[in-house]
Each structure stands twice: as structure tokens, then as C-alpha cells.
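Please report on the secondary-structure packing of this chain.

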Amino acid sequence: MKKIVFRTLALFLLVGCAKQAGQKFPTHRFTDEVRLRTTPVKDQGHSSLCWVYAMLATIETEHLMQGDSVNLSPDYVARMYLAEQATKSLLTRTRNAVLPNQGTTITTRGMAGMLIDLIQTYGIHRFDAYHKHDGAGYDIIERKLSQAVLSAQTSDLATTINKIEAFLDDEIGAIPQQVFLYRATYTPQEFARSVCKDNEYLALTSFTHHPFGTYFPLEVPDNYFHNTFLNVPIDTLMHRIEQSVRSGHPVCWEGDTSEDGFSFAEGVAKLENDNEKPTQAQRQKAFETHRTTDDHCMEIVGIAHDKAGNKYFCCKNSWGKNNRFGGFMYLSYNYVRLKTIAAYVVRT
């Protein structure tokens, strides 16, 4: 069965977290049962950085619910991730004397767990202290970086790396050396450790091609760091998501947004047969046949019901505020049950 999962994954590298129109719905009205506090809705623009925005939003809400206030910089993480890839690609080209001009792909794609790894390594800055306003879009920056690495003179790595850093300064912004907050001064790494511990979140998934109760690296194209996930039955996963939100802890959700029933404009996501509870076997089949792919990442911040009493999860999205709910979305319980790739919950 594992062969089925791995097959043709490369075909889905271009399926990402860009805005999708979706179908029109009858007007939905929701009553919030639980609604956690959030920082303002942001807009990832024409980038694949949903995983950065969603995981940072989850960390921000966790602090807000504890009476603290942080608003973190996605652009700082993006910049450090791009610089890391460029440097590693240069080193690979230097060591590879046989194929020095092989293709180089630099990307902003990833999974939410990678955000934790990146900020533990490079730290984090406040949103208002490091925020990209102008310059090229991230898709153009990725392409230019790839070209720069491919054409670089590997005999002088230091000069090439300095040129790449200068390019990133111009396109994203020069990095402040320190973080200033509440009359205190931190290094970016110290600030990151103060807002998120490296083992604070537990990554969960639910698939049957690995045993339940074990950790395994999810076989999706964006898992570039080969992060592992605890595999649990779907009933357990849904219980953990719901209980986390009801206990005042947000959840970072990764899943599929390619269904016709997903509409950002209407702020709703539901299945075609939304009254039928998806089974574990249906989840597995959807994953193996690529009906469920790792398209997008959002923060779950609430639980609600519609006028018929059907349960929904309220999510903070990162596509701006231009929808019915000011950038938030309501995902039906059964949509989350079938279409979840992974969920990140606070260890309690």
C-alpha cells in the first residue's frame, strides 16, 4: 500500500494554498459556541506561505488566550528559509563536480511543523518590526534565487552568499539585529524560545498505511524536513481537535481545499454529502487516490453550528479579509474529518 501513496506525488507540487474561488452557497448563518482570540487576519498574497501564517497564528492565539500579546513576522521566516535553501544549494553545487549545473529549485512551500524548526534555528521577529511591503512577489524571488545559485561562481562562495543576502535585503528587507519588546531586548533566537518551545506542539495525522500509535514522516511533497507525525484513529484525531479548542487552545490545520464545496468567498467548506460521516477507509482511499492532498493550512479558532445544528470549525485564514466573515471560514465537521492531512495541537 505504501507504493500507492508514494506514486506520482511530484504531480502535485504545483497544487498549493493560493486563493480559490469555489462554488456559491446558500447564505449560511452560524452561531459560535467557542471563539478564541486572534491577531488581525493577514494576507499571504501570491505566495505558498500558508503553513507559516497558520502556525504563527496558532502561536499568537495561544499567547492571547494566556493574557499575553505577540504578533509575529511571516516574512522573517520566509527570508531565512529562502536563504537556507540558497546556501545549501550552493554547497551542493560546489561538492558535485560531476553535475555542477543540475537544476536548482528554491521554494516557499512547506508544512506547519517546519515553522517550529525554522524559528528554533533562526529565531523570530515581531510583525511590525519586519514586514515586507514592496518589491517582487515571492514567486519571482524564488525564481531569481534559483537562477542566482545556478549561475554562481562556486569558487567564491562567500561573495555569492553576500550577494544573495543583499538581494534578499532589497526584496524583503534588511533584518533587525535585535527584538525590542516591552522595554526588553532579545536576540531573534531568544525571542523565539520565549514564544514557542521546540516540543510545545504535537503533530497528529490519521492514515492506515502505517500502524496507529507510531510516528512516521508523512508522504506529501511539502514535507521537506521529513517531519514525523503521530498516527491515531480518526475518531481520536477529531476528539483531540475539538477538545483542544474547547479548552482554549487553537489548532493548526493542514488539509485539502480542492473540493467543490470549499468556497473562500462564502467562507464555508462542506462535503457534497455532508450528512454522511466519513469513515477511516474513505479517508485512506481519498489520500491514496489524491482526492485529498496537502493544499492549505489554517488556524482553527472556534466551534460553531448552523441553524440545523450541524457542527463546524471556525478557521482563521491568510487570504485577506475579503469574504463574508472577514477572512475567517467555517469548515463542517465532516469536511475536517475527511480532508485533514495533519493537525498540530498543544501538548497538555
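## Helices H3 and H5

H3 passes H5 in a right-handed crossing. A crossing is right-handed if the near helix is turned clockwise from the far one by less than a right angle, and left-handed if anticlockwise. By class, nine nonpolar, two polar and three charged residues make up the contact of H3 with H5. Here Ala, Val, Leu, Ile, Met, Phe, Trp, Tyr, Cys and Pro count as nonpolar, Asp, Glu, Lys and Arg as charged, and the others, Gly among them, as polar.

H3 spans residues 74-95 and H5 residues 138-151; their axes lie 9 Å apart at an angle of about 20°. Axes are lines fitted to C-alpha atoms, for helices over the stretch in contact, and angles run from 0 to 180 degrees between N-to-C directions. The two helices are therefore roughly parallel to each other (angles under 35 degrees). On the H3 side, the contact residues include Leu-82, Ala-86 and Leu-90; on the H5 side, they include Ile-141, Leu-145 and Val-149. Contact means heavy atoms within 4.5 Å.

## Basis of the model

This is a predicted model: local features need pLDDT of at least 70, side-chain atom pairs count only at pLDDT 80 or more, and totals for chains, interfaces and linings use all residues. Residues are numbered from 1 along each chain as its sequence is written, and side-chain values use heavy atoms, with hydrogens and water left out. Helices (H or I, at least four residues) and strands (E, at least two) are DSSP runs, numbered from the N terminus.

S4 covers residues 201-205. Five of its five residues are buried, so the strand is largely enclosed by the rest of the structure. Buried means under 20% relative accessible area (1.4 Å probe, protein chains only). In a regular strand the side chains alternate between the two faces of the sheet. Tyr-201, Ala-203 and Thr-205 lie on one side of S4, with Leu-202 and Leu-204 on the other.

S4 pairs with S13 (residues 340-346) in the antiparallel sense over four bridges. Two strands pair if DSSP finds at least two bridges between them. Leu-202 has Val-345 as its bridge partner in S13. S4 also pairs with S6 (residues 228-231), in the parallel sense over two bridges. There, Thr-205 stands opposite Asn-231, and Leu-204 opposite Leu-230. S6 is joined in turn to S5 (residues 215-217) by three bridges, and these two run antiparallel. Phe-216 stands opposite Phe-229 in S6.

S12 covers residues 328-332. Five of the five are buried, so S12 is largely enclosed by the rest of the structure. Phe-328, Tyr-330 and Ser-332 point one way; Met-329 and Leu-331 point the other way.

S11 (residues 311-316) runs antiparallel to S12, joined by five bridges. Lys-316 has Phe-328 as its bridge partner in S12. S9 (residues 268-269) pairs with S12 in the parallel sense over two bridges. Ala-269 stands opposite Leu-331.

Asn-334 is found in H10 (residues 333-339). At 10% relative accessibility, Asn-334 counts as buried. Leaving aside neighbours within four places in sequence, Asn-334 is in contact with Leu-271, Asp-274, Asn-275, Glu-276, Lys-277 and Pro-278. The C-alpha atoms of Asn-334 and Asn-275 are separated by 7.7 Å, at 59 residues apart along the chain.

H9 covers residues 280-288, and its buried residues include Arg-283, Phe-287 and Glu-288. Just after H9, His-290 takes a positive phi of about 65°.

Terms used:
Buried < 20%, exposed > 50% of the residue type's maximum accessible area, 1.4 Å probe, protein only. Parallel < 35°, antiparallel > 145°, perpendicular 65-115°, else oblique.
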